Amino acid sequence: MTSLTLQPHKKKLSAKWVWAIILFTWIVKSIVAYGTELSNDEVYYVQYAFYPDWNYFDHPPLVGLCIRFSTLGMMLKQEWFIRLSGLIFSLANMYLIFKTTALLKNKNAGYLAALLYNSSIYANVITGLLILPDTPMLFFWLLSLYYAVKIFASEKGYAIPKKNFFLLSISIGLCMLSKIHGLLIWGCLGFYILFFDRRWLRVKLIYVSFFLSLIFLAPIVGWNIANHFMTFQYHGGRVSEHGFHLQTDSFFREIFGGFAYQNPINYVLYVIAVVACIRGGIRLNQRKKIFLLCMSLPVIALFLGLSLFMDTLPHWNGPGFCALIILTAIYLTDKLLNNHFFIPKSVMAANGLVVFGLIVAFILVRFAPVNLGNKDEKKLGENDFTLDMMGWKKFGNDFKQLALRDSSTHVTNGPVTVISNKWFPASHLDLYVARPNNYNFLAIGEVHEIHQFYFINQTKPALQKGNDAYYITTTNFFNDPLPIYKDKFESIDEPVKIPQYKSGKLMRYFLVYRCRGAKSNLP
């Protein structure tokens, strides 16, 4: 089984090919980043960039700051600039994992670690192309792992420069400011210390580093104190929403989702490497092997365990695979013939699979006249993931023509106001429909449905009593406005159906409802 992963090409590939493969993948990602509209989650986090704050309803602030930085304060709104942080971080992350692996083993292992990272769908696409809280989080996770290796896996024993502890605390703190999952780094380190190397309990700098990192939680905690602990209530509700009973569907989704997100080829290599590590088949200091396992398996096991009792998402355990990438690269390096570097065919295949997948996904989103979802007219396009990232700009222009006709014929009363009752499609409507045309946008619904828009609404002019609004939904994510807004408006017209086509194929309808006569100032 192992030999299948290690057959060299007839023509040996030098290390420069590693960076060539990485650069080619990055160019493909850049094309996708430029040529597709923002996904549901990405476009929501753009709101963070428009409205800087110490914390937000769902997550800490760093993803919003990344978007503000890459777009020069939201002056550059093209998707490539919005996603630029992910593209930059992906390169930085591959360099970090190269350096960390080289520190533990050698440069050959570092090159393979960079390629394994490049072929991870979670690491190089979900966080390295899309812009999500995981994007800055994974950078600071890897930076934390680098300094943790310099401290806990050092050949110097306990004679560690103080600056490494200081830098570890900063990197973990910034990781937590990206996503609260950064706390798990301390959980993994604590697991390693308590069960495998308790002598570190006598090192005072460990405690200093821990408490320094907690200072970075101050903005999150302060914001939540001022806002009734909304973030904690929301995430706590996600945990307890269905109660704590066995959920095998969530468990299997976690397993198969992780298999897909990590790249099926990589996942198999990780399993082989872990088994080899346990059996003593990796030539690495025992303490270093245990450390890498402690920085990975507890995170993966935690979310697998939680998935048995609650709904989880497969990318939550993604950072736990970073240490497994390093372990796998070291395992593969041990198999190199006469220490000559070559790229195993399995690693080449994994990278090829990612590039192929990116190209296919791009074609499906932009050009393919294929409806992957529901074909029924009332739910047209439902479950077609490609519709999340196309058609919104075109609809923004189509809606502008409708609004202009209504305004010129006095069909509606008051300035154009677009409304929605959920954070999605509210974020798309705000970025692609309302803002380009200088329309007012409001998300009118329950707090747990509109998320950060609850606070954004407070910065915008209210919909005045007696004025009209446009409620917009789609057939692929249909929400009927009648039961939601019947007590807020005098009447709601039948919808105007605006079709969306891709290469001549009808994909879905946008449904525009004229909501007449607000009964009071809204929201």
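This is a predicted model: local features need pLDDT of at least 70, side-chain atom pairs count only at pLDDT 80 or more; totals for chains, interfaces and linings use all residues.
Which residue in S2 is the bridge partner of Thr-417? It is Asn-440.

## Strands S1 and S2

Strand S1 covers residues 417-420. Strand S2 covers residues 440-443. The two pair in the parallel sense, over four bridges.

## Strand S6 and its partners

Strand S6 spans residues 505-518. Most of S6 is covered, with 12 of its 14 residues buried.

Start with S3, residues 469-474. S3 and S6 run antiparallel and are joined by six bridges. Within this pairing, Ile-472 has Val-512 in S6 as its bridge partner.

Next comes S4, residues 489-492. S4 is also antiparallel to S6, with three bridges between them. Phe-489 stands opposite Ala-518 of S6.

Then look at S5, residues 496-502. Seven bridges hold the antiparallel pairing of S5 and S6. Here Lys-502 has Lys-505 in S6 as its bridge partner. S5 and S6 form a hairpin, with two residues between them. Ser-503 sits in the turn and has a positive phi of about 50°.

## Salt bridges

Side chains of opposite charge can pair when their charged atoms come close. The structure holds 15 salt bridges. Three of them are set out here.

| Pair | N to O distance | Burial |
|---|---|---|
| Arg-514 and Asp-406 | 2.8 Å | Both buried |
| Lys-460 and Asp-430 | 3.4 Å | Lys-460 buried (17%), Asp-430 buried (1%) |

Take Arg-514 and Asp-406, whose side chains meet in a salt bridge. Arg-514 lies in strand S6 and Asp-406 in helix H20, so this pair ties together parts that are 108 residues apart in sequence.

Lys-394 and Asp-398 are a local pair by contrast of position: both lie in helix H20, residues 392-408. They are four residues apart, about one turn of the helix.

Lys-460 lies in the loop between helix H23 (453-456) and strand S3, and Asp-430 lies in helix H21 (residues 423-434), so the pair ties together parts 30 residues apart in sequence. Lys-460 is buried at 17%, since buried means under 20%.

Salt bridges can also join into a network. Lys-105, Arg-283 and Asp-334 are linked in this way.

## Aromatic rings

A search of the whole structure finds 45 aromatic pairs. One of them joins Tyr-270 and Phe-321. Their ring centres are 5.9 Å apart and their planes stand at 35°, so the pair is tilted. This pair links distant parts of the chain, 51 residues apart. Tyr-270 is in helix H15 (residues 264-278). Phe-321 is in the loop between helix H17 (297-307) and helix H18 (322-334). Tyr-270 is buried, at 2% relative accessibility. Phe-321 is buried too, at 4%.

Rings also meet charges. The charged end of Arg-435 sits over the ring of Phe-50, 3.5 Å from its centre. Arg-508 lies over the face of Trp-392, at 5.0 Å from the ring centre.

Where is Thr-127 placed? Thr-127 is in the loop between helix H7 (121-126) and helix H8 (134-152). Thr-127 is buried, with a relative accessible area of 2%. A polar atom of the Thr-127 side chain lies 2.7 Å from the backbone oxygen of Ala-123. Leaving out residues up to four places away in sequence, Thr-127 touches several others, including Gly-86, Tyr-117 and Leu-138.

Ser-307 belongs to helix H17. At 0% relative accessibility, Ser-307 is buried. The Ser-307 side chain reaches the backbone oxygen of Leu-304 at 2.6 Å. With residues up to four places away again left out, Ser-307 touches Gln-247, Ser-250, Phe-251, Glu-254 and Thr-312.

Terms used:
Residues are numbered from 1 along each chain as its sequence is written. Side-chain values use heavy atoms; hydrogens and water are left out. Buried means under 20% relative accessible area, exposed over 50%, partly exposed in between (1.4 Å probe, protein chains only). A polar contact is a pair of N or O atoms within 3.5 Å; within protein, one must be able to donate a hydrogen and the other to accept it, and residues adjacent in sequence count only if both atoms are side-chain atoms. Contact means heavy atoms within 4.5 Å. A salt bridge is a side-chain nitrogen of Lys or Arg within 4 Å of a carboxyl oxygen of Asp or Glu. Rings of Phe, Tyr and Trp (its six-membered ring) pair if their centres lie within 6.5 Å; planes under 30 degrees apart count as stacked, over 60 as edge-to-face and the rest as tilted. A charge sits over a ring if NZ of Lys or CZ of Arg is within 6 Å of the ring centre and within 35 degrees of the ring normal. Two strands pair if DSSP finds at least two bridges between them.
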